[in-house]
Amino acid sequence: SFQCRIHFGIILFNLRGKMLVTKIFTAILITISICLLILTLTYFIVPLALHSNVKKPQMTNIGLPYCNEEETIVRVTVFYECLCPDSREFFQKQLLPTIMKMPENITTELIPYGKASTEIVENNSSYRFHCQHGPSECEGNKLHGCIVHLVEDNLKLVRIISCMFNEYGRDAEIIGKECIEMYNIDWIRIKSCADNGVGDQLLKENGEITERILVQTTFIPTILLNRKLYNQQEVLYNFEEMILNILVQ
């Protein structure tokens, strides 16, 4: 009977050992499962939910050719007037600060014309322009058009136009010459463009493009992103955020 008790004790010890191993193994499995659940929530489910809640910019197709830029570039088209306070506000407080932060991610199409009109005179050989803020704005828009036409560096162009908005009540040629020479651009080429008929042709073409956008909106400035019309209040006052939203889509 003593041997039986020993044998029974050994069996009982083995059973308890197996139960302990089973409990330890079960605890390890539970711990691993909890860790996997936490990782799944952290890296997959929560980010997906957050991404789905990001407010995507609302846009309208206005009929201009869609610009299929690289995913890292947003084409910004600005319809503006050189004597428009709202245009100045956008250039100096939205466009310039944003493009200085991300010059590789923004390319521009600047179209100075606004709420103007074009009259063809002398057997279709010349043009007469009528601008919202008077004849001086027409001359200024023409000068802006030549600068846009001749200055190839995107960031430098936006800096020059923003500079010209600093004192937009002054004569366009005086402030234009100062801003152009500040960035080492040949002023003679700009002045020649504005005086020899090229400036008139550029302004007339800007008018034709502008008429197409003003069918959808009458506010100046109007800004397109990748040639699509987004909510203009968002673009005018949250420009950098709009650009970032488009880049991450």
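**Exercise 1. The S2 pairings**

Work out how many bridges join S2 to S3, and in which sense the two strands run.

Solution. Step 1: seven bridges link S2 with strand S3 (residues 106-112), and the two run parallel. Strands pair if DSSP finds at least two bridges between them. Strands are DSSP E runs of at least two residues, helices are H or I runs of at least four, and both are numbered from the N terminus.

Step 1: Valine 74 has isoleucine 106 of S3 as its bridge partner.

Step 2: turn to S6. S2 and S6 pair in the antiparallel sense, over four bridges. Here valine 78 has isoleucine 223 as its bridge partner in S6.

Residues are numbered from 1 along each chain as its sequence is written, and side-chain values use heavy atoms, with hydrogens and water left out.

**Exercise 2. Confidence**

State where pLDDT stays under 50, and how many contacts beyond four places in sequence the model has there.

Solution. Step 1: pLDDT is the predictor's confidence in each residue, from 0 to 100. The protein has a mean of 82, with 73% of its residues at 70 or more.

Step 1: residues 2-13 stay under 50 and have zero contacts beyond four places in sequence. A contact means heavy atoms within 4.5 Å.

Step 2: residues 44-63 also stay under 50, but the model gives them 29 such contacts. Where pLDDT is low, predicted coordinates should not be read in detail.

**Exercise 3. Burial in the strands**

Explain why S2 is largely enclosed by the rest of the structure.

Solution. Step 1: set the cut-offs. Buried is under 20% relative accessible area, exposed is over 50%, and partly exposed lies in between (1.4 Å probe, protein chains only).

Step 1: count. Seven of the seven residues of S2 (residues 74-80) are buried, so the strand is largely enclosed.

Step 2: sort by side. Val74, Val76, Val78 and Tyr80 point one way, Arg75, Thr77 and Phe79 the other, and all are buried. In a regular strand, side chains alternate between the two faces of the sheet.

Step 3: Over the protein, buried residues make up 39% of the 249 residues.

**Exercise 4. Helix packing around H5**

Give the angle, axis distance and handedness for H5 with H4 and for H5 with H6.

Solution. Step 1: axes are lines fitted to C-alpha atoms, for helices over the stretch in contact; angles run from 0 to 180 degrees between N-to-C directions.

Step 1: take H4 (residues 154-165). Its axis and that of H5 come within 9 Å and cross at roughly 140°. H4 passes H5 in a right-handed crossing. A crossing is right-handed if the near helix is turned clockwise from the far one by less than a right angle, left-handed if anticlockwise.

Step 2: list the contact. Ile160, Cys163 and Met164 of H4 meet Ala172, Ile175, Gly176, Cys179, Ile180 and Met182 of H5. This contact has eight nonpolar, one polar and no charged residues. Ala, Val, Leu, Ile, Met, Phe, Trp, Tyr, Cys and Pro count as nonpolar, Asp, Glu, Lys and Arg as charged, and the others, Gly among them, as polar.

Step 3: take H6. H5 (residues 172-182) and H6 (residues 187-195) pack at about 145°, with axes 9 Å apart. H5 passes H6 in a right-handed crossing. From H5 come Glu173, Gly176, Lys177, Ile180 and Glu181; from H6, Trp187, Ile190, Lys191 and Asp195. They divide into three nonpolar, one polar and five charged.

**Exercise 5. Backbone exceptions**

Decide whether asparagine 184 is buried or exposed, and do likewise for asparagine 226.

Solution. Step 1: most residues other than glycine have a negative phi, and most peptide bonds are trans.

Step 1: asparagine 184, in the loop between H5 and H6, has a positive phi of about 60°. At 71% relative accessibility it counts as exposed.

Step 2: asparagine 226 sits in the turn of the S6-S7 hairpin, with a positive phi of about 55°. Its relative accessible area is 10%, so asparagine 226 is buried.

Step 3: check the peptide bonds. A cis bond joins isoleucine 220 and proline 221, with omega about 5°. Proline 221 lies in the loop between H7 (198-213) and S6.

Key: Predicted model: local features only at pLDDT ≥ 70, side-chain atom pairs only at ≥ 80, totals over all residues.
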